Amino acid sequence: VKIFRPVFDNKFVVGRFKTLVWCLPMAFFRDTNTFKIFGEFDSEASSKMTGAMYDCVTKQGYKELNLNFEGCTKAFSTEMVTLCAQAQKYWQQSVDISLKLPSDAAMARLFNNANWAHLIDVHSHAESRYRGYTHARTMRFNNEVEQFEVVNRILDILLSAIRHFKRSDLSAMEWAINEIADNVINHSESSVGGFIQLTNHSQRKQIEVVVADSGIGIPTTIRSAHPEYSDSEALDSAIREGVTRDPQIGQGNGLFGTWEITKKSLGMFKLQSGWANLDSDEQVGLRISKRVTPIKGCVVSFRIGYDQAINLEEALTFSGKPHKPVDYVDVHFELDEDGRPIFNLANESSGFGSRKAGDPVRRKLRNILAMSDVQAVAVDLTEVHLVSSSYADEVFGKLFSELGPLEFSSKIALIGVDPLVKQLIDKAIVQRMQQPGST
Ligand SMILES: Nc1ncnc2c1ncn2[C@@H]1O[C@H](COP(=O)(O)OP(=O)(O)OP(=O)(O)O)[C@@H](O)[C@H]1O
Ligand SMILES: [Mg+2]
């Protein structure tokens, strides 16, 4: 019988007592450089795992780590993205990390789709090809150009996944995601860049964003301006208005504004860095606590609710003045001569053959239309030479049915349409209107 050294407090569990282990919400075992997780990979398990990895590599000089998640029954993006950022740093230091996926098939799929498997064990697991719209797989960004690309991909997913967006919600999300990602580039000195994941919790009507880096951490940067601060004090001050490590570089608005948006939208905000954690949500308010093991770098996770429109003027007031963030439609779409945003179907669609390709496009069009002062959208089909009937129905047939004939014709202008494509769209609309239950 192999006896694992249990690392959790006051409990001694032998490996063969599997049933006992399964009853526990979480158990973490360490056997030299092999770590096993049973149950939920929660914040406690994550702390133990990252602490043990640090101990193995930095203190004991191991060049190989084995992470066994076979018994893992639940995992959360904050802990997993944190692990990805740490694992990538060790890979850079030539440490070989092997990952055993959860035995549970759905969990294993999640590890692959979310790109966690690849980022933890780059040799054995291929990069995620998940292009779905429930979440954005964990993406890495090393500079401002890559930051721009990943934020755009995230906004695209948001617009395609969420029903009936409010314009201010999208501006708030774009602003916050950019600020937190910008901090990685500006302050973290992370040699592997930053890692970002988006999850849409559609039932709660919240989006969750996690941004992790494995750089020098908030306490270190804040202490360049306030050497006397402890790690907890550094986190507490970093989220206050106007606190920055260097007023020549920043204004100290990013963390403060993001925290305000999460409060106004009844979401949550969490910072982990060095020896401290900071948590803020509606139930408990603001809590700052000491960590058992330190985080090398910084992890920011936050949730923004989109059930009700966010009052951006209230959320983003800096030095007493309301700040108006850039507007998604203004920035991402050119306007035609009638002032309508031009929606280039060839750029917005991953293909023209299937319903699957059409569904996110329709949602995106509806979201743009729902943004209060957009009167109409010009859908540019110049580069589209053929569409399947199912695609035409998914985008135009269903949109016609959802909006009704008058609203469709006043709000959707098709420009540059090839006669054949026009015929196919017409036919899809006529067929849909003949279906029972259509408007
Ligand atoms: N990822 C990070 N790594 C290290 N330090 C960070 C990180 N993110 C934030 N900080 C620290 O927290 C401080 C406050 O961040 P915040 O985004 O609120 O303001 P800023 O970036 O300095 O200015 P602004 O966001 O207005 O450009 C930063 O000045 C920096 O010291
Ligand atoms: Mg900032």
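What follows is a short chat about salt bridges in this predicted model.

Q: How many salt bridges turn up in the whole structure?
A: A search of this predicted model finds 25 salt bridges.

Q: OK, which residue does Asp-156 pair with?
A: Lys-364, with the closest N and O atoms 2.2 Å apart.

Q: Is Lys-364 buried or exposed?
A: Buried, at a relative accessible area of 2%.

Q: Switching topic: what does Asp-393 do with Arg-355?
A: They form a salt bridge, and the closest N and O atoms are 2.9 Å apart. Asp-393 belongs to helix α15 (residues 389-403) and Arg-355 to helix α14, so to speak distant parts of the chain, 38 residues apart.

Q: Buried or exposed, that Asp-393?
A: Asp-393 is buried, with 7% relative accessible area, while Arg-355 counts as partly exposed at 36%.

Q: What about Asp-393 and Arg-432?
A: Their side chains meet in a salt bridge too, at 2.8 Å from N to O. That pair links helix α15 with helix α17 (residues 419-434), across 39 residues. Arg-432 counts as buried, at 16% relative accessibility.

Q: Which residues end up in one network with these?
A: Salt bridges with shared partners join Arg-355, Asp-359, Arg-362, Arg-363, Arg-366, Asp-393, Glu-394, Lys-398, Glu-402 and Arg-432.

How values were computed:
Residues numbered from 1 in each chain as written. Chains lettered and ligands numbered in written order. Predicted model: local features only at pLDDT ≥ 70, side-chain atom pairs only at ≥ 80, totals over all residues. Heavy atoms only, no water. Salt bridge = Lys/Arg side-chain N within 4 Å of Asp/Glu carboxyl O. Buried < 20%, exposed > 50% of the residue type's maximum accessible area, 1.4 Å probe, protein only. Helix = DSSP H or I, 4+ residues; strand = E, 2+ residues; numbered from the N terminus.
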